[in-house]
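Here is a short briefing on one protein model. Keep the sequence and the 3D view open as you read.

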Amino acid sequence: MRTTLAIAVCAAAALSAGTAGTAVAAPGGTSAGTAAPGGTAATTTTVREDFNGDGYQDLAVAAPAATVDGHARAGYIAVSYGSANGLTTANTTVIDQNTPGVPGAPGDDHGFGYRLLAEDLDHDGLTDLALVTHERFLLEGSAINGSVIVLWGNTDGITGQGAVRMPAAPDTQLGDNLTAGDFDGDGTTDLMMLHGDDGDQRSVLYGPFTRDGAPTREQRIFMSDTGSSMSGTAAGDFNGDGIDDLCTFFVSNNHADGGKLWLGTPNGLSKSPTALPSAGATAVGDFDNDGKADLATRVIPNGNVEDLATDPGTIKIYYGSASGPSTTRTTTITQDTAGVPGVSEKGDQFGARLSAGDVNGDGYDDLAAGVPFEAIEETQGAGAVVLLKGGPGGLSGTGSQAFHQETAGVPGVAETGDHFGASVRLLDIDNDGKADLAAGAPDEDLDAVADGGAVWSLRGTASGLTATGAFAFNPVDLGAPVLNARFGLDLSNDNGPDIG
């Protein structure tokens, strides 16, 4: 870990920006059209993850372990807005439960923002931010475990103004496995989450949502009948019918119990799932540009979750087909795959976090894979990110790139236990039609303060990612709480399993 951190913008000129309003891939890699009220498709397109509607994608960063007002692990988030010049600290806002309008107040173990979903929930053309907390609060004298708070998009940017908790019934649990998709194909965002005391049952809340946080309707589905816990989810249009589907994955007693595919229909999610293989971290993209979403997964070694910590890391892609993610057309990639930088070594955890996006603008989604325990020379656990390129045959090792804090142009210095790549997100923050990389190192020490964390931004170009003009920011830059904040542990719409 680091004892000091001097982070600055590299002197090289930023890449030129594209035209505001360029269509950006929707879940599953397809262009997202804005639907008019009633589900009629409109002709315009929108930029996803754009909180202020200026045409540039924006990034939300969680610091869920931060101490706020003396409350350990109360947490806060930072919203950083895209621009032609990329991300800047001057255009970043810090929000916690002290922020006017945000429900509740900071408390021990709230973990404010430990899961972040950036989606247009009320269908007004502006992206909203739904975040999950661990807080407990009283409703009608009964305790609620967990909270989903919605911060509404605004042309002036996200604030606490008008923020709401999603409605919950007394004596219930709320928010686990929060996942977004358009599961009935009406052009509005729907949410799936735990919403009740029965851990085997989930709610699908169909949009659009009111400004009170209420859905248009709710569907209850029993998603597990074995006592297994839902360990992860992924949403996308895997069969190419224009409606998002949902993948759910399960574990019990550290054993991987496989997954299930719930197809989307005009009436919502089907209640008759088909089986899927087990998966750790996941990402959804169209890596072969065939109009069907592909599922990228981290393989759970030996089917044992406890083996993940010592695992070199293996990524497996299940390509979309008429019946969903195919188990016969797949690609398996490790750091020993031809063209992939590095060597597959014990404990690297290649693919611990995954994110898909078209970095080089060729129409094929690429995959960013975090390798948070990668050793850089003799520095253990410094971490790295590997970019795998998509193409007509899907993902391969050809043309892959690796970046870390010793890469020329990347701010900072690789030190033991930084865990660079513990979170990754591909977003087009400068609106040039090429996705840029955001990567977190939540255990970066800042000015001798432990585990403050930091986030880096690297630009996309026609040849892939570049460190030229790389930018990084951290809680010190923002005047936010630093000690053990773990800033960058989670990024908006990057909600894979935390590294611990």
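This is a predicted model: local features need pLDDT of at least 70, side-chain atom pairs count only at pLDDT 80 or more; totals for chains, interfaces and linings use all residues.

- Four strands make up an open sheet, in the order β5-β4-β3-β33, with antiparallel pairing.
- β5 (92–95) and β33 (490–491) stand at the edges; each has a single partner strand, so one side of each has no neighbour in the sheet.

**The whole protein**

- The protein has one helix and 33 strands.
- Its C-alpha trace spans about 55 × 55 × 50 Å along the principal axes.
- Of the 500 residues, 60% count as buried.
- Take the contacts with a separation of 6 or more: 56% of them join residues 24 or more positions apart.

- Strand β30 covers residues 436–441, and six of its six residues are buried.
- In a regular strand, side chains alternate between the two faces of the sheet.
- In β30, Asp436, Ala438 and Gly440 point one way.
- Leu437, Ala439 and Ala441 point the other way, and the residues of both sets are buried.
- Which strands pair with β30? One is β29 (residues 423–427), which runs antiparallel to β30 and is joined to it by five bridges.
- Within that pairing, valine 424 has alanine 439 of β30 as its bridge partner.
- Another is β31 (residues 454–461), also joined to β30 by five bridges and antiparallel to it.
- Here glycine 440 stands opposite valine 455 of β31.

- Leucine 437 is part of strand β30.
- Is leucine 437 buried or exposed? Leucine 437 has a relative accessible area of 1%, so it counts as buried; the cut-off is under 20%.
- Leaving out residues up to four places away in sequence, leucine 437 touches Ala368, Val385, Val424, Arg425, Leu426, Trp456, Ser457, Leu458 and Leu465.
- Leucine 263 is 174 residues from leucine 437 along the chain, and their C-alpha atoms are separated by 30 Å.

**Cavities**

- Rolling a probe the size of a water molecule over the atoms shows where empty space is left.
- How many cavities of 30 Å³ or more does the structure hold? The structure holds two.
- The largest cavity has a volume of about 50 Å³.
- Its lining is made of Leu59, Leu87, Leu427, Ile429, Asp436, Leu437, Ala438 and Ser457.
- β30 gives three residues to this lining, the largest share.
- Six residues of this lining are nonpolar, one is polar and one is charged.
- The second largest cavity holds about 30 Å³ of space.
- Phe249, Leu276, Pro277, Ser278, Ala279, Leu295, Thr297, Tyr318 and Pro325 line the second largest cavity.
- The lining of the second largest cavity has seven nonpolar residues, two polar and no charged.

**Backbone exceptions**

- Most residues other than glycine have a negative phi, and most peptide bonds are trans.
- The peptide bond from glycine 207 to proline 208 is cis, with omega near 5°.
- Proline 208 lies in the loop between β13 (201–206) and β14 (217–222).
- Glutamine 349 is not a glycine, yet its phi is positive, at about 60°.
- Where is glutamine 349? Glutamine 349 lies in the loop between β24 (330–333) and β25 (354–357).
- Glutamine 349 is buried, with a relative accessible area of 9%.
- Arginine 486 also has a positive phi, near 55°.
- Arginine 486 is found in the loop between α1 (475–478) and β33.
- At 14% relative accessibility, arginine 486 counts as buried.

How values were computed
Residues are numbered from 1 along each chain as its sequence is written. Side-chain values use heavy atoms; hydrogens and water are left out. Buried means under 20% relative accessible area, exposed over 50%, partly exposed in between (1.4 Å probe, protein chains only). Helices (H or I, at least four residues) and strands (E, at least two) are DSSP runs, numbered from the N terminus. Two strands pair if DSSP finds at least two bridges between them. Contact means heavy atoms within 4.5 Å. On a 1 Å grid over the protein atoms alone, a cavity is a set of points where a 1.4 Å probe fits but cannot get out, and a pocket is an open set with protein on both sides within 12 Å along at least five of seven lines; lining residues have an atom within 4 Å of a point. Grid points are joined across faces, edges and corners, and a volume is the space filled by probe spheres set on the points. Ala, Val, Leu, Ile, Met, Phe, Trp, Tyr, Cys and Pro count as nonpolar, Asp, Glu, Lys and Arg as charged, and the others, Gly among them, as polar.
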